[in-house]
Amino acid sequence: MSTHEGDMYVGHQFEDAEQQLDSYSIGMWLFLVTEVLFFGGLFLAYIIYRTRYTQAFVAAHHELDWRLGGLNTVILITSSLTMALAVRAAVLNRMKAVLGWLGLTLLCASGFMVVKYVEYSAKFEHHLFPGPKFEFQHAGVDSGQAQMFFNLYFAMTGLHGAHVLIGMITMMVLAIRLWLMRKQRVDFIPIELTGLYWHFVDLVWIFLFPLFYLVGGN
Amino acid sequence: MSAASTVVKQPEAVNYLNVDNRIKSWLLTEDHKRIGILYLITISLMFLAGGIFAMLIRLELLTPAGDLVMSDTYNKMFTMHGVIMIFFFLIPSIPAVLGNFCLPIMIGARDVAFPRLNLASWYVFTAGAILGITALVLGGVDTGWTFYTPYSSSFSHTPVIIAVSGVFVAGFASIFTGLNFIVTIHKMRAPGMTWLRLPLFVWAQYATSLIMVLGTPVVAITLLLVAVERGLRIGIFDPALGGDPVLFQHLFWFYSHPAVYIMILPGMGVMSELIATFSRKRIFGYEFVAYSSLAIAVLSFLVWGHHMFVSGQSMYLSMVFSVLSTLVAIPSAVKIFNWTVTMHKGHVALYSPMLYALGFIGLFTIGGLTGLFLSATAVDIHLHDTYFVVAHFHYVMVGGAIVAFLGGLHYWWPKMTGRMYPEPWGKLSALVVFIGFNLTFFPQFILGYLGMPRRYHSYPDEWQTLNVLSSAGATILASGFILVAVYLLWSLRYGAKAPANPWDATGLEWKTSSPPPPTNFTQRPIITEEAYNYPIVLSNNGEPEEAMKQEGAEKHEHA
Amino acid sequence: MRLPFANIPIWPEGASKAAHELDLLYLVIVGLTVFFCTIVFGLVVYFVAKYYAGSKADRANPTFHNMPLELAWSLIPLALGLFVFGWAAKLFVEIQAPIQSENALNIYVVGKQWMWQMQHPTGQRENNELHIPVGRPVKLTLISQDVIHSFYVPAFRTKADVVPGRYRTLWFEPTKVGKYHLFCAEFCGTKHSEMIGWVYILSPEDYEKWLQDNRWGMGGEGVTVAQAGEALFQQLKCTSCHSPEQRIGPPLSGLYGSTRTLSDGRKVVADYDYLRQAILEPQAVTVSGYEPIMPPYRGQLTEQEVIQLIEYIKTLSASPASPVANAKPSIDTGDRQ
C-alpha cells in the first residue's frame, strides 16, 4: 500500500489533506443522520403514545424530578462548551489545553451519569421501573398507560445514556492517544469528529428533557 | 481514448491477490477489493444455508399433508430462509461484493474513503451472521423474517433475541458500507469524473447507499425494542403492555420496504453496465436512468403502508400508500424500456452476462407488473399474505437481484480473479436458472389467486399439482446455482488467464490489469469522456467499415 | 375453474358480491401485464435477432436519447397505473363500507392460537366453522385474544387482520350456497396452517334448521349472547355501582352509541372499542362527574366475555324501565363503527 510520505496524517487512499478532511466531515455528518433516524423511531413512538395517553403521561411525569433533569441539562450544555473549546485548542495545536478541556468534558459527562444513576435508582425504589413489579396509583389514570410513559422514559434516556457512555469512552481513548503522541502536532480531525458527536448527544438531551420532565399539563 | 487507456497490461505484475497471501494479511486487509472477496465468501456460505432451507421448504410442500417435518420445524425453516436470504445475502450481495470491488475503480479512486470502516463492516457483518447461525443452532427462530409483534415479543418460544441481535448487528455493516460509498462517490472521484460521467452502476450504488443510511437505523431501533420487550418486558408493541402491535409494522416496513430497493437498485446498476457493454452502445437515456435511481430511492420511503392494507390502518391512508406505490413503479418501468431500446442499432453479443441481463429484463418485468396487483388496494385485500406475494417478491429478488448479481459476477469475474469462467457452461447456467426460476415461481401466482396463504405447512389437496410443479422448478433452479458455483470454483485454478479487457468494454475497471494492482491503477486516471463512449460502428454500406470489429465471433472464448 | 387439459385449478370460486367485480379488475390487470410483457419481450427478441453482433442490419444514426419517447413511456404507464389505482380504490371503499341492510347478521369472531371461535348473536357457537345464510349481508366483528391473526375467505376475496386489543369489522354478502375455505393468513405460530376451517353458505331454510339444531350457547341452550352477558353482569355485581339507584358509576341505559364527556374534557362516542376499554381500563376513560374508582378488568375477562357484556349493554335502551335483555338482539342495523 502506498502512503504519501511526508504528510503523516493523509491516508493512502486520499490525494491530499483537504480531501481527507472533507471526507471525514461528510462521513461524520452522515453518521449523525443515521443517529437522528435511530432516535427517530423512538420519538415517533413517544408522539403516538403521548397523543393517545395524554392524561397518563401528564400524571406520570410528576414522578420525575425536573430539578435533577434541569441540572443534567446545565451539565450537558456546559460539557458542550468545554468540548467546543477542546476542538478550538486542537485546531490551534495547544496540546495541554486540549487535554484540559477534554478532561473537563469527561468530568461533566461523569456528573451527568451520576445524576442519572440517582434518578434511576429512585425509580427502582418506587417501583416505577416497568415490569411485573410496576406500581402506579393515581386516580383517573390507567396504570398500564402510565407504564408506557416509563417504558419510553427508560428506553429513550437509556439509549441516550448509552451514547453518553460511548462518548466518554471515545474521549478517554482520545486523551490517552494524545498523551502518548504529545510530542507531535495535534491531529485535530478525531477531536473535531468527537466534538460533533458530543454536540449531537447534547442536542438529543435538549429534546428529551422537555418531553419527559416538562410535559405540559393543565 | 482517455489517458487511462495508456496503462499497459502487466501480466506478471504484483496484483491485489498475490501481493501478500498470508491469512493475516487477508484478515487485516484494508483493500476494498479484498474486502469484496471476503464478503463474497461469507455471503456465498449464507446463500448455501438459505438455499438448503428453500429446498427443504419445497420438499415439504411436495405433498399437501405436513408430513416431512413438524409444523414447528417448518416454521423455523421458512423463517431462517427469509432471515438469511434477506439480511445476510441479498442486502449485502451486490453492494458489498461487486460494489466494494468495482466502485472505487470505476470512479478512478485508489480505495474507498474509509478503508478501515470497510473492513469493520465485514467483521460486523460476519459477527451478525454468526449470531444468526447461533440462533439456528439453538433450534431456529419461528417468527417469520418480519418478526411481527406481539408474536415475536411475547409468544414465540424460540431464540428471537439472538436472531434479532444478528440482524441488528448486520444492519451496522450495511450502514458502514452505505456511508462509505456516499463519501467515496462524493469526494474520491478522479479528475474529470463528473457526476454525469459516472457509470450507472455507481449512480445505483449511490441511491442504494442513501437508503442504507436512512433506513437501516429505523429497523435497528425497532428490532432493539422487540428484543427489549422480549427480554425486559419493557414494551411499546405488546397490547398486553399497553402497546400497539401495528406500530411495529409501520416502523418495520419503513425500513423493510426501502430494503427491497437496497436489493434491486444495485441489480439495476449492474444491468446498465451489462446492457451497454454487450450492446456496445451508450445506455439509452443515460440521465433518465441515473435520476430514476434517485427517484426510486426517495419514493421507496413513502410506500411502506402498502404492506398494511389489511392491518386495519385508515382506509384513506391506504389509498395514499396505494397511489404512491403506483408512482414508484414508473421509474422502474422507465429503466426497463431504456435498457431494451439500448440494443436498438447496437452490436448485441450474447455472452453469459448478457444472457443473465436479458433474463433479468424478462423476470423483472413480470415482477414489477405483478407489483401493480398488490399496490391496488382492493386486489391486495385478496392477495395479501398469499403465494401471489411470495411469487411477486421472488420474481423481484431472485429474478431481479440474484440474476443481476450472477450476471455481474460473471461480468467482473475475470477482473476479480484474473481468470475466465468457461463460457459455454456460463450460457447453460443462465438458461437453467431462467427456466428453473419460472417453473418454481410462476405456479405460485396462480396458487396465490386461488387463495393459498403463505407460511403454510400443509394445504388443501386440490393445490398439489401446482406445488409439485413449483418444487420441480426449485430443483432445476438449485442445479443452476450449483452449476455456477462448480465452474466458477473450477475456473479459479483451470480457467484461462483473463486479459485486462475481455469484453472490449469502456469503464475504468477495464483499463487496469486483471486482477488489478493493489492501488487499482499504476497512475491516476484522468477522465475526458462520457461513460459508455463506444465508437459508432456501421456495418452495412456505412463508411467506417474498417473500424468494424468482430465482436460476434467468439473472440474471447477462453474456455 | 380448472385447466381443460389437466386437473389444475386456475381460478377460485367466487361466493360474494364483491368477488365478481374484483375478478374483473384482476383480469384487466392481467391483461395489462400481458400487454406490457408482450411489448418488452417482443422488443428484446426483435433487437437481439436484428442487431446481434456481426449482423448486416442498418445501424446508421443511432439514438441515445429521445425526450418525447421517454416521456411517453413514463406517462402512459403512469396513466394506466392511476386508472388501476382509481378502480381499485373505488372497490376498496365498497368492500370496507358497511352494507346498508335491515337484516345484516352480526357475528363475533375471536381468533386465538389456533382456532376461530364464532359467536352468533342468537347464542350459537362454533369453532372453525361458520354457517351463514345466502343473500343476507354479514358483518363480522373480530378481535384476537393473543397474537395477530387474519381472517381470510378466498371465495369472498376478502380478509382482515385480527389484532389483539381492538375490534375490526368485515362485511360481505354471500351469493352462492356451498362450502368454502377459511384460512388464517397472518402467521400466528406453531399451528398457523391448522388454524383453518370452513364457511358454509346455506339456503335460508337450511340456515333456519341449522339455527334450531345448534341452540347451545355460552350460557346454556337457547341463551343469546346478550343474555349470557346479563348473567355475567349480575355475577360480576356490576349493578352495585351501575344502577339508577346507586349512581356510583354512570348508568348504562342508552349508553351504546351515545357521546360521552370524559373527566379530561374529551368527547368520545361509546362504540365497541370504547365499551371494551371502559371495562378493561376504566381509569383511562372516566366519565365526567364520576370518581375514578372502578377496578380494571384487564386480564380477568376473556374476549368472549367482554363481547357478551358489550352485547348486553347494547340492549339497554334509553328508558331504564326494561333493563332485561331484549330477547332478539340479533339484528344489527348496519351502524358504522
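**Close-up views of a predicted three-chain model**

**Figure 1. Chain A, read along its sequence, follows the pattern α-α-α-α-α-α.** The model shown here and in the other views is predicted. Chain A contains six helices and zero strands. Along the principal axes, the C-alpha atoms of chain A fill a box of roughly 70 × 30 × 30 Å. Chain A has 218 residues, of which 37% count as buried. When contacts in chain A between residues at least 6 apart in sequence are taken, 73% of them join residues at least 24 apart.

**Figure 2. Helix α1 (residues 17-52) of chain A crosses α7(B) at roughly 40°.** The two axes come within 8 Å. The crossing of α1(A) and α7(B) is right-handed. On the α1(A) side, the residues that meet α7(B) are A:Leu30, A:Val33, A:Thr34, A:Leu37, A:Phe38, A:Gly40, A:Gly41 and A:Leu42. Their counterparts in α7(B) are B:Val213, B:Leu214, B:Pro217, B:Val218, B:Ala220, B:Ile221 and B:Thr222. By class, this contact of α1(A) with α7(B) has 11 nonpolar, four polar and no charged residues.

**Figure 3. B:Met212 sits in helix α7 (residues 200-232) of chain B.** B:Met212 has 31 other C-beta atoms within 10 Å. A residue counts as buried at 20 or more, so B:Met212 is buried. Leaving out residues up to four places away in sequence, B:Met212 touches B:Ser174, B:Ile175, B:Thr177, B:Gly178 and B:Ile262. B:Ile262 is 50 residues from B:Met212 along the chain, and their C-alpha atoms are separated by 6.9 Å.

**Figure 4. The largest nonpolar core of the model has 342 residues.** The members that touch the most other members are A:Leu152, B:Ile107 and B:Val164. Helix α3 (residues 71-106) of chain B contributes the largest share of this core, 22 residues. For B:Val164, the contacts beyond its neighbours within four places in sequence are B:Phe147, B:Leu223, B:Val226 and B:Ala227.

**Figure 5. Chains C and B meet in a contact that takes 72 residues from chain C and 79 residues from chain B.** On the side of chain C that touches chain B, at least two residues each are supplied by α1 (17-51), α2 (67-96), β6 (149-153), β7 (158-162) and β9 (178-184) of chain C. The element that gives the most to this side is α2(C), with 16 residues. By class, the side of chain C that touches chain B has 46 nonpolar, 15 polar and 11 charged residues.

**Figure 6. Chain A touches chain C through seven residues, which are in contact with nine residues of chain C.** By class, the side of chain A that touches chain C has two nonpolar, four polar and one charged residues.

**Figure 7. Helix α4 (residues 225-235) of chain C includes a series of buried residues.** The buried residues in this helix are C:Val225, C:Ala226, C:Gln227, C:Ala228, C:Gly229, C:Glu230 and C:Phe233. Just after α4(C), C:Lys237 takes a positive phi of about 60°.

Notes
Residues are numbered from 1 along each chain as its sequence is written. Chains are lettered from A and ligands numbered from 1 in the order in which they are written. This is a predicted model: local features need pLDDT of at least 70, side-chain atom pairs count only at pLDDT 80 or more; totals for chains, interfaces and linings use all residues. A nonpolar core is a set of buried Ala, Val, Leu, Ile, Met, Phe, Trp, Tyr and Cys residues joined through C-beta atoms within 7 Å. A residue is buried if 20 or more other C-beta atoms lie within 10 Å of its own, exposed if 12 or fewer, and partly exposed in between; C-beta atoms are placed from the backbone. Helices (H or I, at least four residues) and strands (E, at least two) are DSSP runs, numbered from the N terminus. Two residues are in contact if their C-beta atoms, placed from the backbone, lie within 7 Å. Ala, Val, Leu, Ile, Met, Phe, Trp, Tyr, Cys and Pro count as nonpolar, Asp, Glu, Lys and Arg as charged, and the others, Gly among them, as polar. Axes are lines fitted to C-alpha atoms, for helices over the stretch in contact, and angles run from 0 to 180 degrees between N-to-C directions. A crossing is left-handed if the near helix is turned anticlockwise from the far one by less than a right angle, and right-handed if clockwise.
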